[in-house]
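I kept to rings, pockets, contacts and the backbone.

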Amino acid sequence: MSSLTNRLRNFLLKPQSSIWLTILRVGLGLQVLCYGLSLRRDWLELLGRENQGLIRRDLTEAMLSARSPFIPRVGWIVDIGAHLGLSEPTVLWTVWTVLMFAALLVVIGLFCRISSAVVWLLYLCTAKSAELLSYGVDNFTIIGLFYLTIAPLPDSMALDARRRGILPGNTTLQGLHRRVLQFHMCIIYFFGGLTKCLGNGWWDGSNIWRALIRPPSNIIDPEILIRWKDLFPIAGVFICLLETGYPFFIWGKRTRTIWFTCICAMHLAIGLTLGMYLFAFIMIVLNAAAFGAGLVSRGRTESQRKHGTGIIDRRAA
């Protein structure tokens, strides 16, 4: 029993470098920056209570209140601004400005803890207040920002780590937080793949066909889709097996590189063919932080080993 306990402790608390946290921090900061810039022109229309759209913020927030009155939302910030005499547009643009500035601080690694918490809270409020117009990208971004907020910041590449008196986070905690993220990714992919396997739409390729022809994701010419329609069932089965087998093959050293490359290629293909660029980017960032950082570290170690061997050989010669 003690041997099993020690093995489990060594697995969960194995000291690791902060490369994974650097990838997560920079990737999430860029994700939020792109998110805010892409919505800049529609920011007031998306979150303003007085907009003339079919889906208004007060409707979405009323639905949130029915589920739970404790879910963060932009309306809370607007109400605080109203007590201070600020108009709704002023408050909304202030939220956007603070979100972009905090995301920029996250990218460069300055005041990591505070800036990541601010980005997570404001992004959560924004995504929940526009929940009827959001999709999976917001959920995964919120998940990533939560892990970043509780992670042992700063990482070694952050500006905070170079400031006097601020040292990189504990390597044991780095390992524990990364393990939790890895387990979370395995659960997401396994049950996502299992759900796909239980339906017929992925086995015959019809779900892929519907996704590619449905506006506004119909980027590819329908004639090209018809010409390559025989590949849709193969692609559907491949995606089912890739996601369901993720937790079984991503851990092994021999299969990790193949599975990681395939899963990133799948998300890249989704981004290019469906126009879901932010979704593809956040999934690649989460995978790279969870399992890709180990490949980078291993490649660096092998390179250093070869370089060191070369020096020894030259000295021996």
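**A charge over a ring, and the ring pairs**

I began with R179, whose charged end sits over the ring of F11, 4.1 Å from the centre of that ring. I counted a charge as over a ring if NZ of Lys or CZ of Arg is within 6 Å of the ring centre and within 35 degrees of the ring normal. I also noted R40, with its charged end over the ring of W96 and 5.7 Å from the ring centre.

Before going further I wrote down that this is a predicted model, in which local features need pLDDT of at least 70 and side-chain atom pairs count only at pLDDT 80 or more, while totals for chains, interfaces and linings use all residues. Residues are numbered from 1 along each chain as its sequence is written, and side-chain values use heavy atoms, with hydrogens and water left out.

For pairing, the rings of Phe, Tyr and Trp (its six-membered ring) must have centres within 6.5 Å; planes under 30 degrees apart are stacked, over 60 edge-to-face, and the rest tilted. I found 16 aromatic pairs in the structure. One of them is Y135 with F279, a tilted pair at 6.4 Å centre to centre with 40 degrees between the planes. Y135 lies in the loop between α7 (112-129) and α8 (136-150) and F279 in helix α16 (residues 277-316), so this pair ties together parts that are 144 residues apart in sequence. Y135 counts as partly exposed because its relative accessibility is 38%, and F279 counts as buried because its value is 12%; buried means under 20% relative accessible area, exposed over 50%, and partly exposed in between (1.4 Å probe, protein chains only). I then looked at F146 and Y147, an edge-to-face pair at 6.1 Å centre to centre and 70 degrees between the planes. F146 is partly exposed at 37%, whereas Y147 is buried at 9%.

**Fold and core**

I listed 16 helices and zero strands in the protein chain, where helices (H or I, at least four residues) and strands (E, at least two) are DSSP runs numbered from the N terminus. Of its 317 residues, 42% count as buried.

Which residues have the most contacts inside the largest nonpolar core? They are W20, L24, V32, W43, V119, M185 and Y246, in a core of 69 residues; such a core is a set of buried Ala, Val, Leu, Ile, Met, Phe, Trp, Tyr and Cys residues joined through side-chain atoms within 4.5 Å. I followed M185 and, leaving out residues up to four places away in sequence, found that it touches Y246, M283, L286, N287 and A290, with contact meaning heavy atoms within 4.5 Å.

**The largest pocket**

I recorded a volume of about 1,400 Å³ for the largest pocket. On a 1 Å grid over the protein atoms alone, where a 1.4 Å probe is used, a pocket is an open set of points with protein on both sides within 12 Å along at least five of seven lines, and lining residues have an atom within 4 Å of a point. Of its 49 lining residues, the closest to the pocket centre are S217, I270, L274, M276 and F279. Helix α15 gives the most to this lining, with eight residues.

K128 is found in helix α7 and counts as buried because its relative accessibility is 17%. Apart from neighbours within four places in sequence, K128 is in contact with T60, L64, R67, I71 and P72.

V237 is in helix α13 and is partly exposed at 25%.

**Backbone**

I kept in mind that most residues other than glycine have a negative phi, and most peptide bonds are trans. A cis peptide bond joins L153 and P154, with omega about 0 degrees, and the bond from P215 to P216 is cis too, with omega near 0 degrees. F111 has a positive phi, near 50 degrees, and is partly exposed at 43%.

Terms used:
Points joined across faces, edges and corners; volume = space filled by probe spheres on them.
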